[in-house]
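Me: I am new to this structure. Could you take me through it step by step?

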Amino acid sequence: MFLSSIVIYEAHAGIDPRCLFIISDHKRGEPCDDDLFYEPISDTQAARATFIEGYADYAIQVAELSYKAIGSLKFGEGGASDQITVGPLVELYGISGIAAPHFPGPFKTMRDRYIDQIDRVLECTRKGLVGRSRPLSIYLAHLVARSLIMDCADLAKEEGEFFIRQPDALIGQFLSHENEITAVLDWE
Amino acid sequence: MPRDTGEFFLPKSDGLTIRRPGTRKIDQYVSLHLCHLITHLKQFEDALRDLSIDALQERLRILRPEQTVTEICLPDPSEIPEECHGGLNIHIPVLFDDGVKWMLRMNGYNRAHGPFEVSRYVRESEVATMKALQSVTKLVPRVHDWGIGTLSKNNGEHCFYLR
(Lines give C-alpha, C1' and ligand atoms only; values in the text may rest on other atoms or scores of the structure.)
Protein backbone atom coordinates (compact mmCIF):
# COMPACT_ATOMS: atom_id res chain seq x y z
CA MET A 1 0.00 0.00 0.00
CA PHE A 2 1.02 3.63 -0.27
CA LEU A 3 0.69 4.47 3.36
CA SER A 4 3.33 6.77 4.83
CA SER A 5 4.48 5.52 8.20
CA ILE A 6 6.04 8.76 9.40
CA VAL A 7 2.81 10.03 10.89
CA ILE A 8 2.36 6.84 12.85
CA TYR A 9 5.36 7.70 14.98
CA GLU A 10 4.04 11.16 15.63
CA ALA A 11 0.70 9.78 16.73
CA HIS A 12 1.98 6.96 18.96
CA ALA A 13 5.08 8.00 20.83
CA GLY A 14 6.39 5.75 23.58
CA ILE A 15 7.72 2.26 24.16
CA ASP A 16 6.52 -0.43 26.50
CA PRO A 17 9.18 -2.99 27.47
CA ARG A 18 6.92 -6.02 27.54
CA CYS A 19 8.96 -8.86 26.10
CA LEU A 20 7.51 -11.05 23.34
CA PHE A 21 9.86 -13.91 22.64
CA ILE A 22 10.47 -17.15 20.78
CA ILE A 23 13.10 -19.75 21.60
CA SER A 24 13.96 -21.81 18.54
CA ASP A 25 16.71 -23.82 16.92
CA HIS A 26 19.66 -21.81 15.71
CA LYS A 27 20.05 -22.40 11.97
CA ARG A 28 23.41 -22.62 10.31
CA GLY A 29 24.22 -20.31 7.41
CA GLU A 30 24.64 -16.75 6.29
CA PRO A 31 21.91 -14.48 4.88
CA CYS A 32 21.74 -14.78 1.10
CA ASP A 33 22.91 -11.71 -0.74
CA ASP A 34 21.30 -9.74 -3.57
CA ASP A 35 24.59 -10.12 -5.46
CA LEU A 36 23.53 -13.67 -6.22
CA PHE A 37 21.05 -12.23 -8.73
CA TYR A 38 22.64 -8.90 -9.66
CA GLU A 39 26.19 -9.99 -10.46
CA PRO A 40 26.94 -11.10 -14.04
CA ILE A 41 25.38 -14.52 -14.53
CA SER A 42 28.72 -16.07 -15.57
CA ASP A 43 30.07 -15.36 -12.08
CA THR A 44 27.15 -16.76 -10.15
CA GLN A 45 25.47 -19.24 -12.49
CA ALA A 46 26.16 -22.37 -10.46
CA ALA A 47 25.32 -20.72 -7.15
CA ARG A 48 22.17 -19.22 -8.63
CA ALA A 49 21.01 -22.57 -9.99
CA THR A 50 21.61 -24.25 -6.63
CA PHE A 51 19.64 -21.55 -4.85
CA ILE A 52 16.73 -21.71 -7.31
CA GLU A 53 16.54 -25.51 -7.09
CA GLY A 54 16.55 -25.29 -3.30
CA TYR A 55 13.87 -22.63 -3.38
CA ALA A 56 11.73 -24.74 -5.72
CA ASP A 57 11.98 -27.73 -3.37
CA TYR A 58 11.02 -25.51 -0.46
CA ALA A 59 8.05 -24.01 -2.35
CA ILE A 60 6.77 -27.48 -3.25
CA GLN A 61 6.99 -28.54 0.40
CA VAL A 62 5.15 -25.43 1.61
CA ALA A 63 2.41 -26.00 -0.98
CA GLU A 64 1.45 -29.15 0.91
CA LEU A 65 -0.31 -26.82 3.36
CA SER A 66 -3.45 -25.09 2.11
CA TYR A 67 -6.22 -23.14 3.79
CA LYS A 68 -9.74 -21.95 2.99
CA ALA A 69 -9.32 -18.23 3.60
CA ILE A 70 -6.90 -15.29 3.53
CA GLY A 71 -5.53 -14.28 6.91
CA SER A 72 -2.90 -15.01 9.51
CA LEU A 73 -2.50 -18.46 11.05
CA LYS A 74 -3.46 -18.87 14.68
CA PHE A 75 -3.76 -21.67 17.20
CA GLY A 76 -7.06 -23.47 17.68
CA GLU A 77 -9.49 -23.08 20.57
CA GLY A 78 -7.71 -22.94 23.91
CA GLY A 79 -4.37 -22.52 22.16
CA ALA A 80 -4.33 -25.97 20.59
CA SER A 81 -1.18 -26.21 18.49
CA ASP A 82 -2.53 -29.24 16.61
CA GLN A 83 -5.50 -27.22 15.33
CA ILE A 84 -3.86 -24.34 13.51
CA THR A 85 -6.40 -22.34 11.53
CA VAL A 86 -6.71 -19.09 9.58
CA GLY A 87 -7.60 -16.10 11.73
CA PRO A 88 -7.75 -12.35 11.08
CA LEU A 89 -5.13 -10.84 8.79
CA VAL A 90 -2.90 -8.83 11.10
CA GLU A 91 0.44 -7.11 10.49
CA LEU A 92 2.55 -4.71 12.49
CA TYR A 93 3.10 -2.32 9.62
CA GLY A 94 0.24 -0.89 7.65
CA ILE A 95 -3.22 0.30 8.50
CA SER A 96 -4.25 -2.48 10.89
CA GLY A 97 -2.14 -1.17 13.74
CA ILE A 98 -3.54 2.35 13.39
CA ALA A 99 -7.22 1.99 12.64
CA ALA A 100 -9.85 -0.34 14.02
CA PRO A 101 -10.83 -3.00 13.34
CA HIS A 102 -7.34 -4.15 14.25
CA PHE A 103 -8.25 -7.74 13.40
CA PRO A 104 -9.88 -7.72 9.93
CA GLY A 105 -10.85 -10.87 8.11
CA PRO A 106 -10.26 -13.65 7.38
CA PHE A 107 -11.21 -12.89 3.79
CA LYS A 108 -12.61 -15.05 1.01
CA THR A 109 -11.15 -13.11 -1.93
CA MET A 110 -8.12 -10.93 -2.60
CA ARG A 111 -10.53 -8.16 -3.60
CA ASP A 112 -12.14 -8.21 -0.14
CA ARG A 113 -8.72 -8.19 1.46
CA TYR A 114 -7.38 -5.19 -0.45
CA ILE A 115 -10.61 -3.17 -0.43
CA ASP A 116 -10.80 -3.51 3.35
CA GLN A 117 -7.31 -2.05 3.71
CA ILE A 118 -7.81 0.68 1.13
CA ASP A 119 -11.13 1.84 2.57
CA ARG A 120 -9.57 2.21 6.01
CA VAL A 121 -6.65 4.19 4.57
CA LEU A 122 -9.15 6.46 2.79
CA GLU A 123 -11.13 6.97 5.98
CA CYS A 124 -8.01 7.65 8.06
CA THR A 125 -6.75 10.10 5.45
CA ARG A 126 -10.07 11.96 5.51
CA LYS A 127 -9.81 12.18 9.30
CA GLY A 128 -6.20 13.37 9.14
CA LEU A 129 -4.87 10.33 11.01
CA VAL A 130 -2.41 9.33 8.27
CA GLY A 131 -0.72 11.01 5.35
CA ARG A 132 -0.88 14.49 6.78
CA SER A 133 2.18 15.61 4.80
CA ARG A 134 0.57 14.85 1.42
CA PRO A 135 -3.04 13.76 2.01
CA LEU A 136 -4.32 14.50 -1.48
CA SER A 137 -1.76 12.34 -3.31
CA ILE A 138 -2.24 9.50 -0.84
CA TYR A 139 -6.01 9.75 -1.08
CA LEU A 140 -6.03 9.82 -4.88
CA ALA A 141 -3.51 6.98 -5.18
CA HIS A 142 -5.71 4.79 -3.02
CA LEU A 143 -8.80 5.74 -4.99
CA VAL A 144 -7.02 4.66 -8.19
CA ALA A 145 -5.91 1.41 -6.57
CA ARG A 146 -9.46 0.80 -5.37
CA SER A 147 -10.84 1.31 -8.85
CA LEU A 148 -8.28 -1.04 -10.41
CA ILE A 149 -9.01 -3.74 -7.86
CA MET A 150 -12.77 -3.44 -8.25
CA ASP A 151 -12.38 -3.84 -12.02
CA CYS A 152 -10.20 -6.96 -11.75
CA ALA A 153 -12.32 -10.09 -12.04
CA ASP A 154 -9.44 -12.37 -11.02
CA LEU A 155 -9.13 -10.70 -7.64
CA ALA A 156 -12.85 -11.33 -6.99
CA LYS A 157 -12.62 -15.08 -7.58
CA GLU A 158 -13.28 -17.33 -4.63
CA GLU A 159 -10.29 -19.61 -5.08
CA GLY A 160 -11.16 -21.85 -2.17
CA GLU A 161 -7.54 -22.79 -1.55
CA PHE A 162 -4.82 -20.51 -0.24
CA PHE A 163 -1.17 -21.14 0.58
CA ILE A 164 1.40 -19.79 3.02
CA ARG A 165 3.53 -16.93 1.74
CA GLN A 166 6.43 -15.37 3.62
CA PRO A 167 5.12 -11.84 4.19
CA ASP A 168 8.54 -10.21 3.89
CA ALA A 169 10.27 -12.52 1.41
CA LEU A 170 13.50 -10.60 0.91
CA ILE A 171 16.45 -12.71 -0.15
CA GLY A 172 18.14 -11.92 3.17
CA GLN A 173 15.46 -13.98 4.93
CA PHE A 174 17.04 -17.07 3.39
CA LEU A 175 20.15 -18.46 5.05
CA SER A 176 22.55 -20.53 2.99
CA HIS A 177 25.72 -22.54 3.38
CA GLU A 178 27.79 -23.28 0.29
CA ASN A 179 24.81 -22.03 -1.75
CA GLU A 180 22.41 -24.56 -0.24
CA ILE A 181 19.43 -22.96 1.51
CA THR A 182 19.63 -23.86 5.19
CA ALA A 183 16.77 -21.81 6.61
CA VAL A 184 13.86 -19.50 5.87
CA LEU A 185 13.42 -16.99 8.69
CA ASP A 186 11.28 -14.16 9.96
CA TRP A 187 7.67 -15.34 9.86
CA GLU A 188 6.39 -12.31 11.74
CA MET B 1 39.00 -14.66 27.17
CA PRO B 2 37.91 -12.89 23.98
CA ARG B 3 37.54 -15.14 20.95
CA ASP B 4 37.35 -12.41 18.33
CA THR B 5 38.20 -8.78 18.11
CA GLY B 6 35.37 -6.68 19.48
CA GLU B 7 34.02 -9.35 21.81
CA PHE B 8 34.48 -9.67 25.52
CA PHE B 9 33.18 -12.02 28.15
CA LEU B 10 31.58 -11.59 31.52
CA PRO B 11 32.15 -14.83 33.44
CA LYS B 12 29.63 -15.77 36.11
CA SER B 13 30.21 -17.93 39.15
CA ASP B 14 27.86 -20.73 38.05
CA GLY B 15 29.85 -21.48 34.90
CA LEU B 16 27.62 -19.52 32.54
CA THR B 17 29.37 -17.08 30.26
CA ILE B 18 27.61 -13.96 29.07
CA ARG B 19 29.33 -13.06 25.84
CA ARG B 20 29.17 -9.55 24.46
CA PRO B 21 29.23 -9.37 20.66
CA GLY B 22 31.14 -6.58 18.92
CA THR B 23 29.43 -3.25 19.41
CA ARG B 24 28.50 -0.30 17.30
CA LYS B 25 27.41 3.04 18.66
CA ILE B 26 24.10 4.60 17.75
CA ASP B 27 25.71 7.60 16.02
CA GLN B 28 27.08 5.25 13.40
CA TYR B 29 23.52 4.66 12.20
CA VAL B 30 22.81 8.23 11.16
CA SER B 31 22.84 7.47 7.45
CA LEU B 32 19.93 5.08 7.93
CA HIS B 33 16.31 5.98 8.54
CA LEU B 34 16.77 7.69 11.87
CA CYS B 35 13.14 7.83 12.95
CA HIS B 36 12.54 4.09 12.63
CA LEU B 37 15.99 3.15 13.80
CA ILE B 38 16.03 5.08 17.05
CA THR B 39 12.53 3.85 17.87
CA HIS B 40 13.58 0.25 17.30
CA LEU B 41 16.91 0.56 19.09
CA LYS B 42 15.12 2.07 22.07
CA GLN B 43 12.67 -0.82 21.89
CA PHE B 44 15.55 -3.34 21.80
CA GLU B 45 17.39 -1.55 24.58
CA ASP B 46 14.31 -1.67 26.81
CA ALA B 47 13.71 -5.33 25.98
CA LEU B 48 17.33 -6.22 26.81
CA ARG B 49 17.28 -4.27 30.06
CA ASP B 50 14.02 -6.01 30.97
CA LEU B 51 15.33 -9.50 30.17
CA SER B 52 15.93 -11.69 33.20
CA ILE B 53 18.89 -14.03 32.60
CA ASP B 54 17.76 -16.11 35.58
CA ALA B 55 14.29 -16.54 34.06
CA LEU B 56 15.84 -17.45 30.68
CA GLN B 57 18.12 -20.02 32.28
CA GLU B 58 15.18 -21.51 34.16
CA ARG B 59 13.15 -21.82 30.95
CA LEU B 60 16.10 -23.47 29.22
CA ARG B 61 16.60 -25.87 32.14
CA ILE B 62 12.96 -26.95 31.86
CA LEU B 63 13.21 -27.37 28.11
CA ARG B 64 16.52 -29.31 28.22
CA PRO B 65 16.85 -30.68 31.77
CA GLU B 66 19.77 -32.97 30.87
CA GLN B 67 21.95 -30.18 29.49
CA THR B 68 23.57 -27.06 30.85
CA VAL B 69 23.62 -23.63 29.25
CA THR B 70 27.23 -22.57 28.85
CA GLU B 71 27.01 -19.34 26.94
CA ILE B 72 24.57 -16.55 26.15
CA CYS B 73 25.56 -13.97 23.56
CA LEU B 74 23.96 -10.87 25.03
CA PRO B 75 24.52 -7.43 23.48
CA ASP B 76 25.20 -4.44 25.65
CA PRO B 77 21.79 -2.66 25.71
CA SER B 78 23.41 0.71 25.04
CA GLU B 79 25.47 -0.49 22.06
CA ILE B 80 23.57 -3.10 20.07
CA PRO B 81 25.44 -4.39 17.00
CA GLU B 82 23.58 -4.41 13.72
CA GLU B 83 24.04 -8.15 13.22
CA CYS B 84 22.13 -8.82 16.45
CA HIS B 85 18.83 -7.38 15.26
CA GLY B 86 16.46 -7.10 12.34
CA GLY B 87 13.77 -4.49 11.88
CA LEU B 88 11.60 -5.71 14.73
CA ASN B 89 13.49 -8.31 16.75
CA ILE B 90 16.73 -8.79 18.58
CA HIS B 91 18.42 -12.20 18.47
CA ILE B 92 20.39 -13.79 21.30
CA PRO B 93 22.20 -17.10 20.62
CA VAL B 94 22.32 -19.61 23.46
CA LEU B 95 24.87 -22.45 23.61
CA PHE B 96 24.47 -25.72 25.56
CA ASP B 97 27.29 -27.94 26.84
CA ASP B 98 26.57 -30.58 24.18
CA GLY B 99 27.16 -28.06 21.38
CA VAL B 100 23.49 -27.49 20.57
CA LYS B 101 22.74 -23.87 19.76
CA TRP B 102 19.36 -22.22 20.17
CA MET B 103 18.18 -18.71 19.46
CA LEU B 104 16.16 -16.35 21.62
CA ARG B 105 14.23 -13.96 19.40
CA MET B 106 12.56 -11.14 21.24
CA ASN B 107 11.20 -7.66 21.01
CA GLY B 108 9.60 -5.14 23.27
CA TYR B 109 6.13 -3.87 22.59
CA ASN B 110 6.20 -0.75 20.41
CA ARG B 111 3.12 1.44 20.56
CA ALA B 112 3.78 2.54 17.00
CA HIS B 113 2.35 -0.86 16.03
CA GLY B 114 -1.03 -0.21 17.61
CA PRO B 115 -2.63 -1.87 20.64
CA PHE B 116 -0.62 -4.50 22.50
CA GLU B 117 -3.11 -7.17 21.42
CA VAL B 118 -1.99 -6.63 17.82
CA SER B 119 1.65 -7.37 18.71
CA ARG B 120 0.57 -10.34 20.82
CA TYR B 121 -1.50 -11.75 17.99
CA VAL B 122 1.31 -11.23 15.47
CA ARG B 123 3.72 -13.16 17.72
CA GLU B 124 1.21 -15.97 18.20
CA SER B 125 0.62 -16.10 14.46
CA GLU B 126 4.37 -16.23 13.82
CA VAL B 127 4.68 -19.26 16.09
CA ALA B 128 1.58 -20.93 14.63
CA THR B 129 2.94 -20.41 11.11
CA MET B 130 6.35 -21.81 12.03
CA LYS B 131 4.79 -24.84 13.68
CA ALA B 132 2.60 -25.49 10.64
CA LEU B 133 5.58 -25.18 8.30
CA GLN B 134 7.71 -27.50 10.42
CA SER B 135 5.37 -30.31 9.46
CA VAL B 136 6.39 -29.97 5.79
CA THR B 137 9.89 -28.44 5.67
CA LYS B 138 13.09 -28.54 7.70
CA LEU B 139 14.07 -25.04 6.64
CA VAL B 140 11.94 -23.31 9.25
CA PRO B 141 13.51 -23.29 12.73
CA ARG B 142 11.79 -25.52 15.27
CA VAL B 143 10.09 -23.52 18.04
CA HIS B 144 10.79 -24.82 21.55
CA ASP B 145 9.03 -22.15 23.54
CA TRP B 146 7.42 -18.76 23.24
CA GLY B 147 5.73 -16.32 25.52
CA ILE B 148 4.99 -12.82 26.62
CA GLY B 149 6.57 -11.31 29.67
CA THR B 150 7.76 -14.60 31.17
CA LEU B 151 11.41 -13.67 30.67
CA SER B 152 10.86 -10.23 32.08
CA LYS B 153 12.39 -8.97 35.31
CA ASN B 154 8.88 -7.69 36.07
CA ASN B 155 6.91 -10.66 34.84
CA GLY B 156 4.34 -10.34 37.61
CA GLU B 157 2.82 -7.47 35.68
CA HIS B 158 2.45 -9.36 32.45
CA CYS B 159 0.23 -12.01 30.98
CA PHE B 160 1.58 -15.49 30.22
CA TYR B 161 1.29 -17.45 27.00
CA LEU B 162 3.28 -20.67 27.07
CA ARG B 163 2.60 -23.73 24.99
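Predicted model: local features only at pLDDT ≥ 70, side-chain atom pairs only at ≥ 80, totals over all residues.

Me: How many helices and strands does chain A have?
Reply: The elements of chain A run α-β-β-α-α-β-β-β-α-α-β-β-β from the N terminus on. The secondary structure comes to five helices and eight strands.

Me: What percentage of the residues of chain A count as buried?
Reply: A residue is buried if 20 or more other C-beta atoms lie within 10 Å of its own. Chain A has 188 residues, and the share that counts as buried is 25%.

Me: What separates the centres of domain 1 and domain 2 of chain A?
Reply: Domain 1 of chain A covers 27–64 + 169–188, and domain 2 covers 89–158. Taken over C-alpha atoms, the distance between the centres of domain 1 and domain 2 of chain A is 32 Å.

Me: In what order do the three strands of the open sheet in chain A stand?
Reply: β2(A) pairs with β7(A), residues 174–177, over two bridges in the antiparallel sense. β7(A) is also joined to β8(A), by four bridges, and these two run antiparallel. The order is β2-β7-β8.

Me: Why is one side of β2 and of β8 in chain A left without a neighbour in the sheet?
Reply: The sheet is open, with the order β2-β7-β8 in chain A. β2 (30–31) and β8 (180–184) of chain A each have a single partner strand, so one side of each has no neighbour in the sheet; both stand at the edges.

Me: Which residue of β7(A) is the bridge partner of A:Pro31?
Reply: A:Glu30 stands opposite A:Ser176 in β7(A). For A:Pro31, the bridge partner in β7(A) is A:Leu175.

Me: Which side chains of β7(A) point to one face and are buried?
Reply: The side chains alternate along β7(A).

Me: Which residue in the turn between β7(A) and β8(A) has a positive phi?
Reply: β7(A) and β8(A) form a hairpin with two residues between them. In β8(A), A:Glu180 is the bridge partner of A:His177.

Me: Is A:Glu178 buried or exposed?
Reply: A:Glu178 lies in the loop between β7 and β8 of chain A. A:Glu178 has 8 C-beta neighbours inside 10 Å, so it counts as exposed.

Me: What is the phi of A:Asp186 near?
Reply: A:Asp186 is found in the segment after β8 of chain A. With 19 C-beta neighbours inside 10 Å, A:Asp186 counts as partly exposed. Its phi is positive in a residue other than glycine, near 65°.

Me: What is the C-alpha separation of A:Ala46 and A:Asn179?
Reply: A:Ala46 is found in helix α3 of chain A. It is exposed, with 9 other C-beta atoms within 10 Å. A:Ala46 and A:Asn179 are 133 residues apart along the chain, yet their C-alpha atoms are separated by 8.8 Å.

Me: Which residues does a cis peptide bond join in chain A?
Reply: One of the two lies in the loop between β5 (85–87) and α4 (110–126) of chain A, namely A:Pro106. Omega is about 5° for the bond between A:Gly105 and A:Pro106.

Me: Which element gives the largest share of the side of chain A that touches chain B?
Reply: 45 residues of chain A are in contact with 62 residues of chain B. That side of chain A divides into 25 nonpolar, eleven polar and nine charged residues. Eleven residues come from the element with the largest share, β1(A).

Me: Which element gives the most to the largest nonpolar core?
Reply: This core has 45 residues. Those with the most contacts inside it include A:Cys19, A:Phe21 and B:Val94. Five residues come from the element that gives the most, β1(A).

Me: How many residues of α3(B) are buried?
Reply: α3(B) covers residues 116–134. It is largely enclosed by the rest of the structure, because the buried residues number 14 of the 19.

Terms used
Residues numbered from 1 in each chain as written. Chains lettered and ligands numbered in written order. Pairing = 2+ DSSP bridges. Contact = placed C-beta atoms within 7 Å. Nonpolar A, V, L, I, M, F, W, Y, C, P; charged D, E, K, R; others polar. Buried ≥ 20, exposed ≤ 12 C-beta atoms within 10 Å, placed from the backbone. Domains from an automatic or database assignment. Core = buried A, V, L, I, M, F, W, Y, C linked by C-beta atoms within 7 Å. Expected span 1.5 Å × (residues − 1).
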